[in-house]
Amino acid sequence: MSEIFNSYNVGQHIWDEMYANNNVRQPYTSIYDYLKAIPQNTLDGKDELAKKLFMSQGITFTVYSSNEGIEKIFPFDIIPRIITAQEWKYITAGIKQRLTALNHFLKDVYHEQQILKDGIIPADMVYSCPHFLREMIGVKLPHDLYVHIAGIDLIRGEDGDFYILEDNLRTPSGVSYMIENREITKRIFPELLNQNKVKSVSDYPNILHQNLLALSPRSVPKPNIVLLTPGIYNSAYFEHTFLARFMGIELVEGRDLVVNNHHVFMKTTTGLKQVDVIYRRVDDEFLDPLVFRADSMLGVPGLMSAYRKGNIAIINAVGNGVADDKAIYAFVPAMIKYYLNEKPILKNVPTYQLGKDDEREFVLQNINTMVVKKTNESGGYGMLMGHAATEEETQNYIKEILKNPRNFIAQPTINLSSSPCYIDGKLQPRRVDLRPYALCGPNGIEIVPGGLTRVALRGGSLVVNSSQGGGSKDTWVLDE
């Protein structure tokens, strides 16, 4: 099988997860030895089995812009991505620090606004954010907790250091794929999992469920928790059904709920049943047509009145989007210093605010070396990869920037680390990122040892989003 390594050529200035100076990194030695010893037809069989398992279990996502039909099987690469115990300790410490500061910021910005008064963050930067909701000003939340579930996107640069790329504090998705990826790996590489002492990710639904129970505003033996989904056409509907099933809670749509006297009830065959906690996967603007978008058919009329009265817990909190706006992202290191008086453990990617004249001028002069993003887009949409864009695409994008510079940020193109992938019968390097999932409850922050490693399956691509042709692989955090 040694010939499958012949095509493994790592480009210059790229940190490779498996190789360093043509030598196999120590955490990958057992996988390297395994791949050298296994017959290729056996490995091909495992690759094919993984595809069949994903197909038979309906592990899908939705691409609205696709002309091939909207539902697709999530591409999966069978070679795991490995993170050492020491690396994981560093990552988790950095994420916990960051989320603590972000939660302080959300409480502050919706109450005293001291960070704005002290000039740490420009007030107009917050007030111009479409996800800053004045309806949340002064709303008291249980335990002052805004962020309950976070997906923090990390990349590793060419220096081998980890950087925070993005904070996802509204309705972060992908955790079901993290868990399913591990289940598939158990089927195809059971001996490797045991040999490498890989930490489990299967506790995630249980930890989440316990946190949801603890957030109930009613002191009752069995609080009623529901997962609110936009419905079957949502891109993450597979995940909604997955999590509801694993937590043993009801999966509901807006039409299944009703508000009466500032309390939320679920319609059942035996009458109305009061709801205590809503784990919502519906965006803020669609939650309550009486407060936000009047044309929304996804939300529940009167939901915000029940929320303000403290009669329902909504997970994540309404209004969190102001903290993961890409323009606000640049200020998170300052938040950590301001609220915690600490230096950031995990660094940001250098970020330019295009609303600032000098920074915009610099970016426009160097746009071919930049990644330019809309501040409130996700999924890889609305982004310009300067090094790969045509002259026409670049000029059209610049016109959009100049219409409303505040809505754009730019970052230097980072050479994401590469990881071995089994593609077309050969081992090939492909770029990866990592989304660990943090669960924040009344008793602190827990981060399941793993996460979703997303892969840019196209050769040379830096875009890992599934909606843009990316896939995923299992993430192994090794025990000490």
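Q: In what order do the 4 strands of the open sheet stand?
A: Pairing in this sheet is antiparallel. Two strands pair if DSSP finds at least two bridges between them. Strands are DSSP runs of E with at least two residues, helices are runs of H or I with at least four, and both are numbered from the N terminus. The order of the open sheet is 16-19-17-18.

Q: What kind of model is this, and how are its residues and atoms treated?
A: Residues are numbered from 1 along each chain as its sequence is written, and side-chain values use heavy atoms, with hydrogens and water left out. Local features need pLDDT of at least 70, side-chain atom pairs count only at pLDDT 80 or more, and totals for chains, interfaces and linings use all residues, since this is a predicted model.

Q: How many bridges join strand 17 to strand 19?
A: Strand 19 also pairs with strand 16 (residues 352-353), through 2 bridges. There, Tyr352 has Ala410 as its bridge partner. Strands 17 and 19 run antiparallel, and the number of bridges joining them is 5.

Q: How many of the 5 residues of strand 19 are buried?
A: Buried means under 20% relative accessible area, exposed means over 50%, and partly exposed lies in between (1.4 Å probe, protein chains only). Strand 19 (residues 408-412) is largely enclosed by the rest of the structure, because its buried residues number 4.

Q: Which residues form the covered face of strand 23?
A: A hairpin joins strand 22 to strand 23 through 2 residues. The two strands run antiparallel, with 4 bridges, and Leu439 stands opposite Glu446. Glu446 belongs with Gly444 to the uncovered face. The covered face of strand 23 (residues 444-447) is Ile445 and Ile447.

Q: What is the volume of the second largest pocket?
A: On a 1 Å grid over the protein atoms alone, a pocket is an open set of points where a 1.4 Å probe fits, with protein on both sides within 12 Å along at least five of seven lines. Grid points are joined across faces, edges and corners, and the volume is the space filled by probe spheres set on them. For the second largest pocket it is about 310 Å³.

Q: Which element gives the most to the lining of the second largest pocket?
A: Lining residues have an atom within 4 Å of a point. There are 15 of them, and the closest to the centre are Asp47, Lys51, Pro75, Phe76 and Asp77. Helix 2 (40-56), strand 5 (76-83) and strand 20 (418-423) each give two or more. The most, 5 residues, come from helix 2.

Q: Which side chain makes a polar contact with the side chain of Ser472?
A: Ser472 lies in strand 25 (residues 471-477) and counts as buried because its relative accessibility is 1%. Leaving aside neighbours within four places in sequence, its contacts (heavy atoms within 4.5 Å) include Pro75, Phe76 and Asp77. A polar contact is a pair of N or O atoms within 3.5 Å; within protein, one must be able to donate a hydrogen and the other to accept it, and residues adjacent in sequence count only if both atoms are side-chain atoms. At 3.0 Å, the partner of Ser472 is Asn181.

Q: Is Pro80 buried or exposed?
A: Pro80 has its place in strand 5. Beyond neighbours within four places in sequence, it is in contact with Tyr28, Ile31, Lys473, Asp474 and Trp476. Its relative accessibility is 2%, so Pro80 counts as buried.

Q: What is the phi of Gln113?
A: Most residues other than glycine have a negative phi. Gln113 sits in the loop between helix 3 (85-109) and helix 4 (114-117), and is buried because its relative accessible area is 14%. Gln113 is not a glycine, yet its phi is positive, at about 60 degrees.

Q: Is Asp424 buried or exposed?
A: Asp424 is found in the loop between strand 20 and strand 21 (426-435). Its phi is positive, about 55 degrees, although it is not a glycine. With a relative accessible area of 72%, Asp424 is exposed.

Q: Which residues does a cis peptide bond join?
A: Most peptide bonds are trans. Here a cis bond has an omega of about -15 degrees. Asn316 is in the loop between strand 14 (313-315) and helix 11 (321-324). The joined residues are Ile315 and Asn316.
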